[in-house]
Number of protein chains: 2
Amino acid sequence: MARMVATDKRVVIESVSPAVDGGRFPAKATVGDPVTVAASVFADGHDSVSSVLRYQRAGARSWAEVPMQFLGNDRWQAMFTPDELGMWQFEIVGWVDHFETWLIGTTKKFDAGLDIDVELLQGAELYAAAADRAGAKAARELASVAAEVGGPGRSQADRLAVATAPEAIALARKHPDRSRASKSDARWPLVVDREKAVFSTWYELFPRSWSKREGEHGTFADVEARLDYVAGMGFDVLYLPPIHPVGTTFRKGPDNTLSAGHDDPGVPWAIGSELGGHTAINPDLGTIEDFRSLRDAAGARGIELALDIAFQCSPDHPWVTEHPEWFRHRPDGTIQYAENPPKKYQDIYPLDFESEDREGLWTALKGVFDHWIGEGIRIFRVDNPHTKAFPFWDWVLEAIREEHPDVIMLAEAFTRPAVMNRLAKAGFNQSYTYFAWRTTKHDLIGYMADLARVSHFFRPTFWPNTPDILTEELQTGGRAAFISRYVLAATLSPACGIYGPAYELMEHVPLRPGSEEYLKSEKYQIRSWDLDRADSLAPVITRVNHARMTRPALHRMNGLTFHPTDNDALLAYSKGMPGEAVLVVVSLDPHHPQSGWVSLDLGAIGVEPESTFEVHDLLTERRYRWEGERNFIRLEPAGVPAHVFAVRAETRNEEGPDDSH
Amino acid sequence: MARMVATDKRVVIESVSPAVDGGRFPAKATVGDPVTVAASVFADGHDSVSSVLRYQRAGARSWAEVPMQFLGNDRWQAMFTPDELGMWQFEIVGWVDHFETWLIGTTKKFDAGLDIDVELLQGAELYAAAADRAGAKAARELASVAAEVGGPGRSQADRLAVATAPEAIALARKHPDRSRASKSDARWPLVVDREKAVFSTWYELFPRSWSKREGEHGTFADVEARLDYVAGMGFDVLYLPPIHPVGTTFRKGPDNTLSAGHDDPGVPWAIGSELGGHTAINPDLGTIEDFRSLRDAAGARGIELALDIAFQCSPDHPWVTEHPEWFRHRPDGTIQYAENPPKKYQDIYPLDFESEDREGLWTALKGVFDHWIGEGIRIFRVDNPHTKAFPFWDWVLEAIREEHPDVIMLAEAFTRPAVMNRLAKAGFNQSYTYFAWRTTKHDLIGYMADLARVSHFFRPTFWPNTPDILTEELQTGGRAAFISRYVLAATLSPACGIYGPAYELMEHVPLRPGSEEYLKSEKYQIRSWDLDRADSLAPVITRVNHARMTRPALHRMNGLTFHPTDNDALLAYSKGMPGEAVLVVVSLDPHHPQSGWVSLDLGAIGVEPESTFEVHDLLTERRYRWEGERNFIRLEPAGVPAHVFAVRAETRNEEGPDDSH
């Protein structure tokens, strides 16, 4: 027999957003950005319902409250703006509001000419009850209203006027009867990150190639000497592949050959040698002092260093001998190397997340983060997090967030959607995406819709290339492809990045046909880059990044609208509020000129129908006067195959006779 | 600092379906129907994952298990068929399967010509471990495999052949290592109902009008005398408005006038008089013996009685004096009548679900159900459940289901979607819908999509009319509208019903223009119906119901496909598996002939492209030979403005030279 639960809580609260898996994982927010909370709140019958949103920094003693606004169809909404980093939570409270029910009903009855004597007595009771719930001063005022509304000797009209005076209503609403209020099932968690978790512009480089003397191993100092180059292009995160000693056992040679020569620097991701592991620095790059100097010099230019955390070991890593129990062993006593049968990766030992000493292993891994956090690093790009156990991420990301809510973790998981989403739920603040492989109009529009569906917890970053990803389009598309892909990345996603100088120097030869690996990849050898090459894309990238920086529309994911074009090689979209909208048109064909008509959704860019308006190309500084919905576009691969327009609607009184506006 | 949770459970299980609000409410199933359970099950890395679905009758000691099948993209699926009514539950277990990982990897390595000696030793370990988990006989067999796989002296090929022999693999799979298995967060509840909860054909009538002597109050016996009429049309549920004594205070007269004459029977929903309340019978209808006789006579014809449960009281209901605390009181001491300001409904007192004696009230209300269940009634149509507190329904529906899992409750809530859905979640087995007001092609297709989204917990019933709903279309559309609306109701939804004989006699005059109330409604007065009228739709309805009964495709919601037509007045859709598909084409225009081309999705109706096939109209018995995708339809309001086709694909060897098939 079912338990008797004779509750008088009549209000149902459901379909709360933002929520991830029913509140099991936090949704994501940005400090200073308003969070819009919505829910279905309703009761049986026709009584009025009221509801409030309550929110707090997790663990705070008190809650802040804001009334929810009714949107229609049982949906309610309220906003709050978290002003501190870290975990927040919110809940929703709703109740049947007999005062509001009475107010609406009695007014209707009076307007219909009915006798409302009994209703006025009810009103007096409701005001008196509000007085009982109020503090001294308000109680006196409410009691006085109650007396006037209930008292005889005055007309019903006069008594109703007292009961419905705006001040009386406002005071009663401050003291509602919430004795039968319902609360939402959960306290919905929300992690509040800093701006760079959402909006950041990354530049990845291999310091090994930044020496001014060709063939010599580059150092932190070499990078520091060229920081103005990176800062000048407008990047604000400088991401370095692993900076630790590189293993020598099974070290890879140039182009991923199995045996390295004596001078080959090896793969930075084959971490650890007799010189140390994940907390040591490869002496070829410099000392810890050199590292700190680079960090500070970057900081002085508004650039944060991001380190690569790759939880795997070369056979020479100190942990292999100090903690053999953290690795899986084969029946012949050897340690299990990485493999993707039948391929072997004998230079890499994976860690065993099923180890009997999981606590020891996990603590050591957290210690790696802690070490670099101690060195002032707050951004980490985590290598292949999808090959480490989810419970580890759940734990370590929560632990680090509690201690250092300003830390940003980027998940480098190029894998299946459920896995990428699960890592974002675990707490990764930013995630690599499939952007590199989304090249057609249909695929790009579809992918942005996919991302919008998970945007409450999954923050994308768009990279047109990485050291592992030289797409076919970049291999074959030439300069136009490199420009248009960066414009797409930088304007579709608030976080983006490139692997340079390969990108701005249009490095495009693959290891072999069909491969996405670079020929002569810096992963295996030292390269030398001529940053001053005349055809470098640095000036264009600088323009794009300047547009990003100066246009708030490009700092967030929301507000994206695609505008139809009559040519599938032209993709048009806008972002941002009317008045600050940015309109982008990109040619997806790097080989031929493309032209066509764009049918603008004028409302999305804040332009009145039929009016003229100015579009100002932030890449070329050209300005065009457009009129109405349909406008012609022509883009040539030889020039800049994209427009990034600031839209400037002209107010009517600048041109027309109507000066009343 | 975050709690250290060094779990080795690497598998994530999420996005489980069917699930309602994360498992808070049960999904719905039908006894004997397979339930398809799906989930995302995945782990970090590249190891193989295995998973099983576990299910049981809630509270059973043991679980049944069935392996889940991998669908791709991290989705898994399994089915089970509940064979008993009541609450069931399921859960999902998933684990990283080192045996499967080994099997795939080792085979690949061997095929690539690699030395697999160490891998064979690993295989021997895995078989030996399986032996440790197995019972005596299997253990011996597995240990013997382990010895052969691990033992030296034979070729690697031979040892691998032993390890990969189908019987060896099958035996190992029976004893997997689930020591690190993950379980889904919840035990997902499922309520298993009987067939009639899904597929039932209802006929509503007011016994008051079924006397053969005009003007006399009809009785149960009068209805019993005409049961063959109802059964003959193919209805299997006979639903009666409230059968209790009707109040006299503020009794309504004909056409909802405020004062009733001496002989006016009053509104059946104004329940209760000095003769009794919700468990009493209106003596004008007969005695409890008459009621039982009707029930049994109906049962003998395959018809179940459904009673109307309206939890509200006339001012004369015994509870008003016995339990004044169950009602809300006004400041002048009177009991609060129903109202929708400024309208008053003084013949009705709502019950107060915020009463201090909630336990007493709720228990009494459950007692009403219990009383009629005791009288052999298993189907209840609940009047306005959305004006009674949700926690009451949560409690009473669970309590009744536990005691009588064969009870079916239909929610009569014509209100907002969130409220209707919440009542279905609370446990109503069937729900009225907006069908009556969905008349255009666009609206009908959209509404079916809306219903599909909630079909795991919300079971619709389609009624083209009710005593409260005479739609504009029926008022103005004549015979064609009555036929086409019933065809739509009866073929789009497995549960449907009509309020008769108003329906088959095409009663269509509203109380006043713009009203959906009937003129001379039986709610307020006794009518006399000529069931033998020449223009009665009974023969057509009989045909439609016969098609419903004999075509399993029409017994379930799933499998609905809309087929494009080039005329918006023609709606075409099919249901059911190839081989038993039903194809329906309905004219939505009751005033003019309509014709056009239907573009069939041949796959959906089991027809080969380009082939000829027969469509057999179950309403007219006409047969047509169709060929290919595009076929012409013409429907006239003067005839039968709909086709309900059984589709009979012709196999090729009946006509062609190919007899190999």
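**View 1. A salt bridge between the two chains.** A salt bridge is a side-chain nitrogen of Lys or Arg within 4 Å of a carboxyl oxygen of Asp or Glu. Here, Glu14(B) pairs with Lys425(A) in this way, and their closest N and O atoms are 3.2 Å apart. The rule finds 16 salt bridges across the interface of chain A and chain B. Before you look further, note that this is a predicted model, in which local features need pLDDT of at least 70 and side-chain atom pairs count only at pLDDT 80 or more, while totals for chains, interfaces and linings use all residues. Residues are numbered from 1 along each chain as its sequence is written, chains are lettered from A in the order in which they are written, and side-chain values use heavy atoms, with hydrogens and water left out.

**View 2. Where chain A meets chain B.** In this view, 69 residues of chain A are in contact with 69 residues of chain B (contact means heavy atoms within 4.5 Å). The area buried between chain A and chain B is about 5,900 Å², and carbon and sulfur atoms give 57% of it; buried area is the accessible area (1.4 Å probe) that two parts lose on being put together, summed over both.

**View 3. The side of chain A that touches chain B.** Which helix gives the most to this side of chain A? H11(A) does, with seven residues. By class, the side of chain A that touches chain B has 25 nonpolar, eleven polar and 33 charged residues. Asp, Glu, Lys and Arg count as charged, Ala, Val, Leu, Ile, Met, Phe, Trp, Tyr, Cys and Pro as nonpolar, and the others, Gly among them, as polar.

**View 4. Chain A on its own.** Chain A holds 15 helices and 30 strands, where helices (H or I, at least four residues) and strands (E, at least two) are DSSP runs numbered from the N terminus. Its C-alpha atoms fill a box of roughly 105 × 70 × 50 Å along the principal axes. Of the 661 residues of chain A, 59% count as buried; buried means under 20% relative accessible area, exposed over 50%, and partly exposed in between (1.4 Å probe, protein chains only).

**View 5. A look at Gly446(A).** Gly446(A) sits in helix H13 (residues 441–453) of chain A. Is Gly446(A) buried or partly exposed? Gly446(A) counts as partly exposed because its relative accessible area is 30%. From Gly446(A) to Phe70(A) there are 376 residues in sequence and 32 Å in space, C-alpha to C-alpha.
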